[in-house]
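Look at the sequence and the structure first, then read on.

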Amino acid sequence: MDQIYTKSYPSPIVDEREILRYAGVRRGDASDELSALLSSCIAECEGKLTYKVCYRRLPLDVCGNKISLGGLVFFSDSLSKVLGGCEQVIIFGATVGLGLDRLITRYSAISPARALMLQAYGGERIEALCDAFFEDMKNELSEEGFSVVQRFSPGYGDLTLETQRDIFSALECYKKIGLTLNESFVMSPSKSVTAIIGIYKTDC
């Protein structure tokens, strides 16, 4: 149970509406020019993103706002409520790689509109990766008689960003998927996520 695993995924199906939402464009308000920019950004990114996840499955103990995940200890009222009734967790890190960051940096100075659309595309891409991983875990665990609760990330509610440090250490994120964390708890590549998924026994 306590092993670090890695998964690589093919590119998930692109949701253009979701990208436009991340870009601040209301549904139905995308001009032909904006739609063309979106299509161009998607085409330019083809083959430049890598969809990788590392994760561990750990035993869980919750006592008040104290949450023990194997050897990790967090304090959070918000997370303890989400994990109520759970007996295990999956902690994971996910990233779509540095290729998109390089494109955003390149275009930030010469084409802010394109850089913004690439940012939005990256937001949709990392969410799509996390959704694909969540569905994988949901299906695998259902075969063992377990169900899962939606993922919860550092920065949500009162779960502080500082908990990223422990998650990174526990997952060996750099070694496994090339994901780093700086002193301000900013991840690189930027389009990355760490999160916790609760696991509970399904009632028969």
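The axis of a helix is a line fitted to its C-alpha atoms over the stretch in contact, and the angle between two axes runs from 0 to 180 degrees between their N-to-C directions. Two packed helices are described by the angle between their axes and the distance between the axes. The model discussed here is predicted.

**Helices packing on α5**

Helix α4, residues 99-110, packs against α5 at an angle of about 155°, and the two axes are 7 Å apart. Angles over 145 degrees count as roughly antiparallel, so α4 is roughly antiparallel to α5. The crossing of α4 and α5 is left-handed. On the α4 side the contact is made by L100, L103, I104, Y107, S108 and I110, and on the α5 side by P112, R114, A115, L118, Q119, Y121 and G122. Sorted by class, these residues are nine nonpolar, three polar and one charged.

Helix α2, residues 32-45, also packs with α5, here at an angle of about 65° with the axes 10 Å apart. The α2 and α5 crossing is right-handed. From α2, the residues L34, L37, L38, S40, C41, I42, E44 and C45 meet A113, R114, M117, L118 and Y121 of α5. This contact has ten nonpolar, one polar and two charged residues.

R114 is listed in the contact with α4 and in the contact with α2. Its place is in helix α5, which covers residues 112-142. Leaving out residues up to four places away in sequence, R114 touches L37, S40, C41, E44 and Y107. Is R114 buried or exposed? Its relative accessibility is 12%, and buried means under 20%, so R114 counts as buried.

**Q164 and its surroundings**

Q164 is in helix α6, residues 163-171. Because its relative accessibility is 4%, Q164 counts as buried. Which side chain makes a polar contact with the side chain of Q164? The partner is T194, at 2.2 Å. Leaving out residues up to four places away in sequence, Q164 touches P154, L181, F185, M187 and T194.

**Loops and backbone**

Most residues other than glycine have a negative phi, and most peptide bonds are trans.

| Residue | Phi | Loop |
|---|---|---|
| F185 | about 65° | between β7 (180-181) and β8 |

E172 has a relative accessibility of 34% and counts as partly exposed. F185, at 16%, counts as buried. F185 is also one of the residues that Q164 touches.

Where is the cis peptide bond that involves P189? This bond joins S188 and P189, with omega about 0°. P189 lies in the loop between β8, residues 187-188, and β9, residues 192-201.

Another loop residue is Y156, placed between β6, residues 146-148, and α6. Y156 has a relative accessibility of 38% and counts as partly exposed. Along the chain, Y156 and L79 are 77 residues apart, while their C-alpha atoms are separated by 8.5 Å.

Note on methods. Residues numbered from 1 in each chain as written. Predicted model: local features only at pLDDT ≥ 70, side-chain atom pairs only at ≥ 80, totals over all residues. Heavy atoms only, no water. Helix = DSSP H or I, 4+ residues; strand = E, 2+ residues; numbered from the N terminus. Buried < 20%, exposed > 50% of the residue type's maximum accessible area, 1.4 Å probe, protein only. Contact = heavy atoms within 4.5 Å. Polar contact = N/O pair within 3.5 Å; in protein donor to acceptor, adjacent residues only side chain to side chain. Left-handed = near helix turned anticlockwise from the far one by under 90°. Nonpolar A, V, L, I, M, F, W, Y, C, P; charged D, E, K, R; others polar. Parallel < 35°, antiparallel > 145°, perpendicular 65-115°, else oblique.
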